[in-house]
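Hi,

Here is the structure I promised to pass on.

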Amino acid sequence: MSRRMLYTLIVIMAFVMGGLILVQFNSLKQASDIKEEQFEAWAKRAIDMVIMKLEANETNLAQQVVNYHTLNDPPPRLQNSFITLPGGSSVSLTYSLQNMFGSYREELQFSVKEDKKDEGDNPTRGESEEEQAGFIQLTAQNIMRRRAMEARIATTAIAIEKQKIQSRPIEERIDSTVLVNLLKDAFQECRIDLDYNIAVKSFQLGKEKTILVDPDYNPGVRKSIVANLFPNDINDRQPNYLYVDFPKRSGYLIKQTGIMVIPSIILTSLLIAIFVYTILIILRQKKLSLIKNDFINNMTHELKTPIATISLASQMLEDTGVSNTPSTIAHVAKVISQESKRLGFQVEKVLQMAVFNEGKLKLKFRELHLNEIVNKVYTNFEIRVKSKNGVLSADLSASMDEINGDEVHITNVIFNLLDNALKYSKEEPQIKLATATKKDFVVISVKDNGIGIAKDHQNQIFERFFRVPTGNVHDVKGFGLGLSYVKKIVDAHNGKIKVESILNKGTKFSLYFPINTIKHGTKS
């Protein structure tokens, strides 16, 4: 996959991921907005109930005032008089009401005539039954009209009293105890179990005046629920408002929507983590692919050189034109032997890393003295350093050097470090090999005066196939497997490795192997 294709794929995946996350958060926001609207609707409903009860209380108060004055005024007088007139009867009905609102008086008069028949001396009332029925009907109508008039007078009286109450200042119309109790009952009825703070404010003539406020009322940037007090006043609506603030409103809404929010956040987080991990894997595989390509090219060159040398030496032996003197044959045989060893060493490195990668490497642990192993390596490697006019010094000062380890692999590790120190040193190598005891560890250090390692690459040198970039100069050969092998062997011995390096001044590798605790006890 080309670099351009890889970056295009990453951009498309990031765009799709961003779109999915945006849609998810939009859905969560809509769900949160719906919950908030529902909460506000229920809260406003409860507050409206409280305002209706406050208005009803004022109506009841006006009714009680009217009833009080009515009971303390003289009761209405109803007078009925029947006067007998010649030839008939006269009826008079009078009703009067006197109270604080004024007086009302109503009077009704009518007469009934008597007709006598010619037959007999006893008087008769020919139309008396009809006249009596009319009298009863008229009386009932007057009673109904009187009651309607009483109702109109009472309604007018209550309206006048309500207007008097409504004309009072808002602080005289609101009782804090009553308001708090009404709000408490209303919120319980609407199933709102949440702490709240209230305030009553008036804006007469455009000036804000606080009538009633809770000590903890401080909404800040929160949005309080506002309702107009006494919106049904007979006169114009007054700018008096009730403010209700819920300090824990946000947490309450999050808790209400938690069933939807928490799984969505978890799934979105997992999706982002998978996306990032996938991108890292792709980039790592791309990098590994490039490193492997460099490794194959380098390995081909490294293997091709000794093969070509061996092939050339074989041709010299086969060529009859070349004098096959004993010295010539010995020289050619030595070249073939050296190149064969070199070829076998390179193949062995590759095989070792293959075994490591498959996890099939088996170490043979036993008690070892590192000073003895380091001394053997020093003796064998000193000749190679001197061949380049260099100096290899040894300081084996570890007082306790017993460890449990594999002698072969530890020897190979020290050889690898010395080989790198020699390859990357300047014209006259100055290499120091030392051992020391530090707390629970025996430390083997290899220090050189070579080209050093840049700080940016010091964390990468233990990766497989990695080689410090040197531009177009390839004067140092290798596969990039040596330090990876060293790291794996040290880790297999429960040890650690440290690097100290300065460009153009040299590098120091320190290997820490744990001391044999069975023989020396636990140090820490």
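Four strands make an open sheet in the order 5-4-7-6, with antiparallel pairing. Strands here are DSSP E runs of at least two residues and helices are H or I runs of at least four, numbered from the N terminus; two strands pair if DSSP finds at least two bridges between them. Strand 5 (209–213) and strand 6 (225–228) each have a single partner strand, so one side of each has no neighbour in the sheet. On average, neighbouring strands are turned by 25 degrees against each other, direction ignored (axes are lines fitted to C-alpha atoms, for helices over the stretch in contact, with angles from 0 to 180 degrees between N-to-C directions).

This is a predicted model: local features need pLDDT of at least 70 and side-chain atom pairs 80 or more, while totals for chains, interfaces and linings use all residues. Residues are numbered from 1 along each chain as its sequence is written, and side-chain values use heavy atoms, without hydrogens or water.

Strand 6 runs antiparallel to strand 7 (residues 240–245), joined by four bridges; V226 has Y243 in strand 7 as its bridge partner. Helix 4 (residues 176–189) packs on the sheet and touches strand 4 (197–202), strand 5 and strand 7 (contact means heavy atoms within 4.5 Å). The direction of helix 4 makes about 130 degrees with that of strand 4.

Now for helix 6 (residues 258–318): V276 sits in this helix and is partly exposed, at 41% relative accessible area (between 20%, under which is buried, and 50%, over which is exposed; 1.4 Å probe, protein chains only).

Cheers
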